[in-house]
Amino acid sequence: MTKQTLPYGSWPSTITSQLLTQGMSQLNEPQLSGENCYWLESLPEEKGRTAIMCQCADGSRYAEGSQYSITPDSVNVRTRAHEYGGGSYHIHKDTVYFIDDSDQRIYQLPINKNSNEATSPKPLTPEGNYRYADFCIDDERQQLICVCEIHKEGGNEPENCIISVQLDGSSTTAFSVLVFGNDFYSNPRVSPDGTYISWLTWQHPNMPWDNSECWIAEFSSFGLLHKQHKVAGGVGDSNDNSSRNESVFQPQWSPTGELFFVSDRNNWWNIYRYNPSTKSTSTLLSMDAEFATPQWVFGMSTYGFLNSFTIFCCYTQKGRWFAATIDILSGHFTPVELPYTGIQSIHCNDETDTTIFIAADEKQLTSIVKWHVDTQQNKNTFDVIAKSGDLTIATDEISAPKAITFKNSQDQDVHGFYYPPHNQYHEGSKGTLPPLLVMCHGGPTGATSATFNLKIQYWTNRGFAVFDINYSGSTGYGRAYRDRLKGQWGVLDVDDICAGADYLVQEGWVDPQRVAVRGSSAGGYSVLAALTFRNNFKAGASLYGIGDLNLLAEDTHKFESRYLDQLIGPYPQEKALYNERSPLHHVEQLQCPVIFLQGLADKVVPPNQAEAMVAALTEKNIPVAHVTFPEEGHGFRQAENIRYALDVEYAFYANIFNLETKETLPEVPFVTKRTQKETR
């Protein structure tokens, strides 16, 4: 088929912003209970409301294989603990325990598989300014154990602890505190015989991926905890000749009562085991791969137990995810062949040799996948349980990522994925090159992957080249790569981003006069820093990004309130350095157009960040657009806002780069008095 020649960046596309939300949902936190599969499904068309879904396997109340919501339509399942949430529900013996966003209380709801009568959720926790997350059930003492975040009046930091809540409903006036005293807790888990409890904890100024500790304790005959001791983590001691920090992830009890956990003590997040009887630790598996990700939210899981002797796990190497099984007795590692480049949120049932997880590949939307060991036929099977939506575009329209590695100015390797412009009906004019959009992930301790991203395809299908970069500080490449950014945020990440753009220009892949950069949250800060302190880019988009590091240090939530101590330096002792790296304090150096997109209910990066930058650029008469969403927080959840944010950003680039697009785009809300080019 002969393609029509049109200028890059202006190709007509079937990948509209409406595709991002129409019939789409976000899938999270899959769980297994018996043969039934459960997961969270967030619905942009319902203002981001999240329901707990079930695929019924027993054919009792519903037909076998049918899917339905087990929570009422009035319920929005979401915890605001740490602001980012996660770990917001738990299934146990045909009962679901969840947090309702409206009041942040824990509710109990029987799963009526044999009755058509609706059951109302029953609150288990008292009213008040509490937030909960990360549940487990202690059958021995008939209690739910979880993390609690207690918010107090007067602007003081919330207090974090591990609590117990009685399942009979007697805790609606008060709960019991089991562990307290540290700044943060996560992952409370009770051993199979009810003897022990384990948990993770960390202290300011560390984030859990910097320095965290795994502890265990025994339950006394009165249900209190005693004989507490540290299993792993923290700063190494003289006995192991180490002074490095150690990050521990996902402590979890095996069916036989051993405690497993992931640690980066050898530079890579690998799996270890601890025997509580002998108090000895050994390595289950050591390899140059990451079996963990940064614990930004509660409830993250990269492995589980298929049975007493087998672990099912996922791991990442060079930005791609893989699955494997590990024999616990021998340590034998067996890769599992699956057609996915992204795997996460593993949850296993050790009684049925079954696991459920979230997966995606380069050309398909995110799915919930159920994987099973068929011992009788000696083979493995997997089924797709649910999809985040039905992809209505042809796979021929999808741009495939190319993994690239280049050098920054420090002669260090930096990684990312390059997506060339691609459209099955159109091609660029001969002798011309496409505009480039460099994408900066948030975190900054996060990572991008090679999985299908409809937002990236929105750009490539219109004739943009996209570079999705894993700059220094990203995870998936070992602790040393992650630690590069310590003390260097706003310097090394910016250097990497600019070096990546230069590399693509030097390779002759993109137009050097039409290079833009976009990013959200911490990625938005990297965008503004790159635009301010370097001149590699002609335009930029900051989505709830940071312009003044002082404001962020003084006005953000507890979880990240000391994060900058690691990335820049202690505040306010290093205030001069914060000023030096804040784009707002050097706005005279920023000379190119910028669009800001900001939720006005954002508690992580408050709206005053964008407002200050917009005011400063307006004063300079730099073309600046300011888009606000009154009901949105840190990230956009509502369908209308998701669509508008993407389309207005495209309209902004079309305006700046003089793209002759024929699409009907929204008017760009420029706030400067400068003459505007009419958007099309």
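Student: How many disulfides does a search of the whole structure find?
Tutor: A disulfide here is a pair of cysteine sulfur atoms within 2.5 Å. This is a predicted model, where local features need pLDDT of at least 70, side-chain atom pairs count only at pLDDT 80 or more, and totals for chains, interfaces and linings use all residues. Residues are numbered from 1 along each chain as its sequence is written, and side-chain values use heavy atoms, with hydrogens and water left out. With that rule, the number of disulfides found in the whole structure is zero.

Student: Is Cys136 buried or exposed?
Tutor: Buried means under 20% relative accessible area, exposed over 50%, and partly exposed in between (1.4 Å probe, protein chains only). Cys136 has 6% relative accessibility, so it counts as buried.

Student: Which helix gives the most to the lining of the second largest cavity?
Tutor: On a 1 Å grid over the protein atoms alone, a cavity is a set of points where a 1.4 Å probe fits but cannot get out, and lining residues have an atom within 4 Å of a point. Helices are DSSP runs (H or I, at least four residues), numbered from the N terminus. Among the lining residues of this cavity are Tyr563, Gln566 and Leu567. With three residues, the top contributor is helix 6.

Terms used:
1 Å grid on protein atoms, 1.4 Å probe; cavity = no way out; pocket = protein on both sides within 12 Å on 5 of 7 lines; lining within 4 Å. Helix = DSSP H or I, 4+ residues; strand = E, 2+ residues; numbered from the N terminus.
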